[in-house]
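Dear colleague,

Please find below the structure that I am handing over to you. My notes on what was found in it follow directly after.

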Amino acid sequence: MTDNTNNEPQNEAVDEEVAREMEGVPEHLREVDEADGAEAADEALDDALASLRGDLENAKQEVLYARAETQNVRRRMEKDVQDARNYAATGFARDVLSVADNLARALDAVPTELREDDKIKGFVAGIEATQRELDKVFTQNGITRIAAKGMPLDPNQHQAMMEIPTDEVEAGTIVQEMQPGYMIKDRLLRPAMVGVAKKPD
């Protein structure tokens, strides 16, 4: 009897301590017995762990997608910058082509007998030198003349202006170039205007 009385204050202190520890625990967990409580706690822990793993996988996927998108944007920007460098002079080059055309026409207009005349020789030599210089500048800027005469018609580079009946070459072969065409790097700057062979009627 004396032992029970002596243990009562100790039991009360333990109960108070347990009650303090249980203050943060939800009601539905307090009512289960110890074995059920441990099992429920394990299940709750497993569920939380599974949820965290799922969240981690989703986060990893999102990071991978974000990296891929960033890389794509960077590549697009690099290509745009490169294109801007390569093709910045396109509009100017188109305008200068008419100068090249006029120089070629001027040279073609000088008759052969006048080319030998001492008064005209210097003039013709000057036009030829200007044309060579212009061709050199074109080459330095990636502007090249499109091959036309004797080539098969390529709608990506040639613009057929007329058909010329002939048996001398295959139908579809370019037999006349009215205006030269040019490329800038790998892009069409101006199509060559051509006459194409066709079988005579």
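Strand 4 and strand 5 form a hairpin, with two residues between them. Strand 4 covers residues 182-184, runs antiparallel to strand 5 and is joined to strand 5 by three bridges; two strands pair if DSSP finds at least two bridges between them. Within this pairing, Met-183 stands opposite Leu-188 of strand 5.

The phi of Lys-185 is near 55°, a positive value in a residue other than glycine. Most residues other than glycine have a negative phi. With a relative accessibility of 42%, Lys-185 counts as partly exposed. The classes are as follows: buried is under 20% relative accessible area, exposed is over 50%, and partly exposed lies in between (1.4 Å probe, protein chains only).

Please note that this is a predicted model, in which local features need pLDDT of at least 70 and side-chain atom pairs count only at pLDDT 80 or more, while totals for chains, interfaces and linings use all residues. Residues are numbered from 1 along each chain as its sequence is written, and side-chain values use heavy atoms, with hydrogens and water left out.

As to the overall arrangement, the protein chain has six helices and six strands. From the N terminus on, the order of the elements is α-α-α-α-α-α-β-β-β-β-β-β. The protein chain has 201 residues, of which 18% count as buried.

The salt bridges come next. Side chains of opposite charge can pair when their charged atoms come close. A salt bridge is counted when a side-chain nitrogen of Lys or Arg is within 4 Å of a carboxyl oxygen of Asp or Glu. The count by this rule is eight salt bridges.

Which residue forms a salt bridge with Lys-79? The partner is Asp-83, with the closest N and O atoms 2.9 Å apart. Because Asp-83 and Lys-79 are four residues apart in helix 3, about one helical turn separates them. Asp-83 also meets Arg-187 in a salt bridge (3.6 Å, N to O). This second pair links distant parts of the chain, since Arg-187 is in strand 5 (residues 187-190) and Asp-83 in helix 3, 104 residues apart. Arg-187 is partly exposed, at 40% relative accessible area.

A further salt bridge joins Glu-177 to Arg-145, whose closest N and O atoms are 2.6 Å apart. Here, too, distant parts of the chain are linked: Glu-177 lies in strand 3 (residues 174-179) and Arg-145 in strand 1 (residues 143-145), 32 residues apart. Glu-177 is partly exposed, with a relative accessible area of 26%, whereas Arg-145 is exposed at 51%.

Finally, Glu-39 lies in helix 3 (residues 34-87) and is partly exposed, at a relative accessible area of 49%. Met-178 lies in strand 3 and counts as partly exposed at 36% relative accessibility.

With kind regards
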